[in-house]
Amino acid sequence: MTDKAQRHHDKILLAWGITRSALLGFGVLLLYWVLPIESFDDVMTIAVMIMLSLAVWVYFVIREVYRLRDSPYPLIRLSGTLIATIMLLVVIFAQVFLTLDHTAPGSFSQELNKMGALYFSMTVTATVGFGDIVAKTDTARAVVTFQMFINLVLLAAALRGLITVAQTHAKPRFLAQPDRSPDEPPDAST
């Protein structure tokens with residue numbers, strides 16, 4: 001492949017990587033917006049909902065590790081994977097907060113709608129905590145504390161694992177060009 005053709009190919013791959021990232025982020029948010037607001041009768045049902053949602057999230061992360069490992073361009077695929085991994089966890093807890101607020105009104109300092117629950121979940125994930133929405137009941141505090149724990153342990157481990165797999169399986173550029181030795185620096189024109 002000529003240098004010009006290789007650059008064109010790289011631009012297409014990069015454009016697809018950016019598009020894939022945007023589509024995954026948009027898809028996760030769209031899924032959240034179309035999910036119905038379920039009001040459950042008890043806290044146990046909410047706990048089961050959290051556990052099932054987290055199981056789906058863990059399955060997604062494990063599946064993406066294998067896809068990154070087998071991808072010819074894992075670093076390009078990584079951007080979409082990171083966006084989807086974070087957004088999926090934010091959306092899971094936003095739905096939980098929304099359900100909790102509708103099940104037990106007064107659980108938070110203000111009534112949550114879809115945007116408010118998403119905003120609150122994102123501030124907890126980002127560890128910003130503006131204080132405009134706060135958990136008011138022990139159950140709500142327990143769920144928020146659990147989300148913080150998940151973010152500190154599972155999300156951090158998942159992100160580190162995904163990045164490590166992508167970096168480990170990324171092939172250096174010079175390996176694809178057999179006419180250059182590994183000790184020779186890349187051509188400055190590329």
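Start with the charged pairs: a search of the whole structure turns up 4 salt bridges. The term salt bridge here means a side-chain nitrogen of Lys or Arg within 4 Å of a carboxyl oxygen of Asp or Glu. Side chains of opposite charge can pair when their charged atoms come close.

Before you click further, note that this is a predicted model, where local features need pLDDT of at least 70 and side-chain atom pairs count only at pLDDT 80 or more, while totals for chains, interfaces and linings use all residues. Residues are numbered from 1 along each chain as its sequence is written, and side-chain values use heavy atoms, with hydrogens and water left out.

**Stop 1: the whole fold**

Show the cartoon. The protein has 5 helices and 0 strands, so from the N terminus the order reads α-α-α-α-α, given that helices (H or I, at least four residues) and strands (E, at least two) are DSSP runs numbered from the N terminus. Colour by accessibility if your viewer can do it: buried residues make up 36% of the 190 residues. Buried means under 20% relative accessible area, exposed means over 50%, and partly exposed is in between (1.4 Å probe, protein chains only). Of the contacts with a separation of 6 or more, 75% are between residues 24 or more positions apart; a contact is a pair with heavy atoms within 4.5 Å.

**Stop 2: the salt bridges around E64**

What links R63, E64 and R67? They are joined in a network of salt bridges. From E64 to R63, the closest N and O atoms are 3.0 Å apart. From E64 to R67, the closest N and O atoms are 3.9 Å apart. E64 and R67 both sit in helix 2 (residues 43-70), 3 residues apart, or about one turn of the helix.

Is E64 buried or exposed? E64 is buried, with a relative accessible area of 1%. R63 is partly exposed at 28%, and R67 is partly exposed too, at 40%.

Next, select R69 and D70. Their side chains meet in a salt bridge, 3.3 Å from N to O. R69 counts as partly exposed at 37% relative accessibility, whereas D70 counts as exposed at 55%.

**Stop 3: L98 in helix 3**

Select L98, which is found in helix 3 (residues 74-103). L98 has 0% relative accessibility and counts as buried.

**Stop 4: helix 1 against helix 4**

Select residues 3-34 (helix 1) and 114-125 (helix 4). Their axes come within 10 Å and cross at roughly 135 degrees. Axes are lines fitted to C-alpha atoms, for helices over the stretch in contact, and angles run from 0 to 180 degrees between N-to-C directions. Helix 1 and helix 4 are therefore oblique to each other: angles under 35 degrees count as roughly parallel, over 145 as roughly antiparallel, 65 to 115 as roughly perpendicular and the rest as oblique.

Which residues of helix 1 and helix 4 meet? Show L29, Y32 and W33 from helix 1 with K114, M115, A117 and L118 from helix 4. By class, this contact of helix 1 with helix 4 has 6 nonpolar, no polar and 1 charged. Ala, Val, Leu, Ile, Met, Phe, Trp, Tyr, Cys and Pro count as nonpolar, Asp, Glu, Lys and Arg as charged, and the others, Gly among them, as polar.

**Stop 5: helix 4 against helix 5**

To see the contact, select F120, S121, V124 and T125 of helix 4 with V144, Q147, M148, N151 and L155 of helix 5. The contact of helix 4 with helix 5 divides into 5 nonpolar, 4 polar and no charged residues.

**Last stop: T127**

Finish at T127, in the loop between helix 4 and helix 5. Its phi is near 55 degrees, a positive value in a residue other than glycine. Most residues other than glycine have a negative phi. T127 counts as exposed, at 67% relative accessibility.
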